[in-house]
4 protein chains.
Amino acid sequence: MTISADSLHNLGRLQGQFAAQRDWDQFHNPKNLVMALAAETGELIEHFQWLTPNEAARLPHGIREEVALECADVLLYLLRLCDRLDIDLAAAARRKLALNAKKYPVAKARGRMTKYDKL
Amino acid sequence: MTISADSLHNLGRLQGQFAAQRDWDQFHNPKNLVMALAAETGELIEHFQWLTPNEAARLPHGIREEVALECADVLLYLLRLCDRLDIDLAAAARRKLALNAKKYPVAKARGRMTKYDKL
Amino acid sequence: MTISADSLHNLGRLQGQFAAQRDWDQFHNPKNLVMALAAETGELIEHFQWLTPNEAARLPHGIREEVALECADVLLYLLRLCDRLDIDLAAAARRKLALNAKKYPVAKARGRMTKYDKL
Amino acid sequence: MTISADSLHNLGRLQGQFAAQRDWDQFHNPKNLVMALAAETGELIEHFQWLTPNEAARLPHGIREEVALECADVLLYLLRLCDRLDIDLAAAARRKLALNAKKYPVAKARGRMTKYDKL
């Protein structure tokens, strides 16, 4: 089987090796990892907080790279969390997409961001 | 080229189709998506906030599935955000792993969570 | 009427003057302020993410002061947000305490963190 | 000494009594409380994520009350956190306002949201 370069499993494995080499598994328990994920999300938000929606959609090149690396941090902690909880993230994403398709049928949800329980 | 089932690009494409079918691109600007990502992170945290580290590492089966779906939400909004900002998330994750390897050399970082600028 | 030194109204007024002097009201709209609040919460979390619950309860003096200033940031943006939304935060807190007393009756909630809808 | 109705100390004391009556101090350690604070911030964000800045500034009455109660939750957990860490939140807010006045001098910061280290 070929594995594509952007395989979640592959990225998670690299991140797991990184932690193992540094003996960080002792810190990487799920409670701590959820907090680390939230802290990285906070750093991502900081880049956007004072921008208008238009400015946020046209980031200067240097800022976009900083944002890309914050997005990477979020992904890497998310993968680590799923690894420690024995969750297959890609499979969960597919389950969630299927659930969302039921919760937000096209006919009802078209052009509206109303939450499913109020649709 | 074969694409593995857990390809980030592939998941991002599915999520993009889901939004397009519902005419949601008008809401999915980067500023809004960062907020949605943060709100999903908050829901993930809520599952863990009152648990001891030990309890958090041994979630009951039903809760673990709820957590898996929250993790999926975080991933799906992260992919949407990267899509709208034209960021290649997998490539960014690899760049970040390489940067982290420099910031946290094994010899210095082993067994310690000290931030790189204080190592 | 005497106003105590820790009056929320008073702190909110000081923060409002600070923003007005810098012509920052143009940035301090509710959407932006909610994001700023979330970013500060992220900085607060960062201090705690790798600590055990015991370590988190006994912060070294210097870290405790950093945490105190992060808590201050959260409060100041919260006050600014309430100011811009014309919300009386102290009155809302009293309403919420009264609601919580109904949602979590002592007899049912004693010693348990179960969410009210599952009590 | 008269205590005003919106005294932080007073609200914190009420919240502390609420927890003590339910024997919740065992759950209210700083690490958990920081997570609870972050989860409430996430619920606050959820109200604003799909709104334009203009919509966010003119919330319908019912939504505004929901937002007020989320703001109350953030404040109540923040007070609980400061209580458990022995932090005087009002004093910290005054220290932070003084620090901000130095970091953001009016002449330099007027009309700009540039971070102090890049001013």
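1. At the start of helix H1 of chain C, a side-chain oxygen of C:Ser7 comes to within 3.3 Å of the backbone nitrogen of C:His9. The model is predicted, so that local features need pLDDT of at least 70 and side-chain atom pairs count only at pLDDT 80 or more, while totals for chains, interfaces and linings use all residues. Residues are numbered from 1 along each chain as its sequence is written, chains are lettered from A in the order in which they are written, and side-chain values use heavy atoms, with hydrogens and water left out.

2. Helix H1 of chain C covers residues 8–21, and its 14 residues reach 20 Å from the first C-alpha to the last, close to the 20 Å expected at 1.5 Å a residue (the expected span being 1.5 Å times one less than the number of residues; helices are DSSP runs of H or I with at least four residues, numbered from the N terminus). Just after this helix, C:Asp23 takes a positive phi of about 60 degrees.

3. Among the buried residues of H1(C) are C:Leu8, C:Leu11, C:Phe18 and C:Ala19, where buried means under 20% relative accessible area, exposed over 50% and partly exposed in between, with a 1.4 Å probe and protein chains only. The buried residues of this helix pack against helices H4 and H5 of chain C, together with helices H1, H4 and H5 of chain D (contact means heavy atoms within 4.5 Å).

4. Chain B and chain D bury about 1,400 Å² between them, 69% of it on carbon and sulfur atoms, buried area being the accessible area (1.4 Å probe) that two parts lose on being put together, summed over both. In chain B, B:Met35, B:Gln49 and B:Trp50 lose the most area to chain D, together 42% of what that side buries. The count between chain B and chain D is 0 salt bridges, a salt bridge being a side-chain nitrogen of Lys or Arg within 4 Å of a carboxyl oxygen of Asp or Glu.

5. Over all chains the count comes to 24 salt bridges. One of them joins the side chains of A:Asp25 and A:Arg80 at 3.0 Å, N to O, and links distant parts of the chain, 55 residues apart. A:Asp25 is partly exposed at 33% relative accessibility, whereas A:Arg80 is buried at 3%. A:Asp25, A:Arg80, A:Asp83 and A:Arg84 are linked in a network of salt bridges.

6. The side chains of D:Glu65 and C:Arg95 also meet in a salt bridge (2.8 Å, N to O), a pair that crosses between chains from helix H4 of chain D to helix H5 of chain C.

Definitions and conventions:
Helices (H or I, at least four residues) and strands (E, at least two) are DSSP runs, numbered from the N terminus. A polar contact is a pair of N or O atoms within 3.5 Å; within protein, one must be able to donate a hydrogen and the other to accept it, and residues adjacent in sequence count only if both atoms are side-chain atoms.
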